[in-house]
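My notes follow in the order I worked.

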Amino acid sequence: MDITVSRATSVEDQRDARYLLKTVYKDEFGINFDEFKSVFPLDFNTILLVIRNEENQLLGTASIMEPVGKLFPTEYIFGANVQKFEQVLPLAGAVEIGRLAKSKDAKAGIVTKAIMLATMDYLTMSNFQGWVSTVKSPLYRLLRSMGLEMFTFDEFAQKEGVEAEIVARYKGDHIESFFASTQDTVTAFRKIERSGPGYQINILL
């Protein structure tokens with residue numbers, strides 16, 4: 001199976017990725033994405049990624065988002081206290097990787113590998129110094145097990161009203177917000193095999 005990660009440049013790619021994202025938010029988090037956007041309307045400059053197989057079926061999507069001013073999506077939505085650490089972390093040279101979604105028909109492992117490789121390749125080719133993300137605990141533990149060094153943001157601003165309700169639904173039992181440097185990302189992710197029995201991952205960014 002050939003897997004390709006590319007930018008969603010066509011109308012079809014963008015439509016399919018947004019539909020998948022809406023489906024996952026509804027099925028996994030009980031969140032209507034249109035409602036989510038109305039509560040958190042700030043737009044971040046985004047590169048939308050699509051993961052497709054050789055039959056052009058969409059397996060997954062992810063977003064690479066630049067901060068607005070100094071504000072990262074994980075601060076805006078979840079209230080993570082990121083800027084508190086701007087003196088010790090290269091936040092001015094960082095992007096956020098998020099809004100991950102996987103098709104029900106896709107194997108989680110292969111989609112996760114593809115997103116990790118795309119993250120590493122994008123950071124290095126674009127000369128970014130690191131990335132911010134907010135993930136569920138299982139993915140955070142996987143990243144830890146791979147040896148990724150992460151600086152975790154443990155302080156969160158208190159949300160109120162509808163914002164608090166949406167964040168609570170998304171968070172579930174727990175989430176983790178963190179920063180990882182490009183150097184540490186390369187060290188951890190370069191171990192990922194781009195090909196193996198029955199698959200080949202191609203990153204075209």
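Entry 1: a helix pair. I looked up helix 4, residues 108-125, and helix 7, residues 182-189, in this predicted model. They pack at an angle of about 140°, and their axes are 10 Å apart. Angles over 145 degrees would count as roughly antiparallel and 65 to 115 as roughly perpendicular, so I put helix 4 down as oblique to helix 7. I also noted that the crossing of helix 4 past helix 7 is left-handed.

Next I asked which residues make the contact. From helix 4 I listed M116, L117, M120, L123 and T124. From helix 7 I listed T182, T185, V186 and F189. I then sorted the residues of this contact by class: 6 are nonpolar, 3 are polar and none is charged.

Entry 2: the largest pocket. I looked up its volume and found about 990 Å³. The largest pocket is lined by 42 residues, and the closest to its centre are E28, L100, A101, K102 and L139.

Which elements supply at least two residues each to this lining? I wrote down helix 1 (11-29), strand 3 (58-65), helix 3 (73-78), strand 4 (94-102), helix 4, strand 5 (130-136) and helix 5 (137-145). Helix 1 gives the largest share of the lining, 9 residues. By class, I recorded 26 nonpolar, 8 polar and 8 charged residues in the lining of the largest pocket.

Entry 3: the second largest pocket. Its volume is about 410 Å³. I found 18 residues lining the second largest pocket, with R18, T46, L48, S63 and R99 the closest to its centre.

Helix 1, helix 2 (33-39), strand 2 (46-53) and strand 3 each supply at least two residues of the lining of the second largest pocket. The largest share again comes from helix 1, which gives 5 residues to the lining of the second largest pocket. For the classes in this lining, I noted 9 nonpolar, 3 polar and 6 charged residues.

Key:
Residues numbered from 1 in each chain as written. Predicted model: local features only at pLDDT ≥ 70, side-chain atom pairs only at ≥ 80, totals over all residues. Heavy atoms only, no water. Axes fitted to C-alpha atoms, helices over the stretch in contact; angles between N-to-C directions. Helix = DSSP H or I, 4+ residues; strand = E, 2+ residues; numbered from the N terminus. Parallel < 35°, antiparallel > 145°, perpendicular 65-115°, else oblique. Left-handed = near helix turned anticlockwise from the far one by under 90°. Contact = heavy atoms within 4.5 Å. Nonpolar A, V, L, I, M, F, W, Y, C, P; charged D, E, K, R; others polar. 1 Å grid on protein atoms, 1.4 Å probe; cavity = no way out; pocket = protein on both sides within 12 Å on 5 of 7 lines; lining within 4 Å. Points joined across faces, edges and corners; volume = space filled by probe spheres on them.
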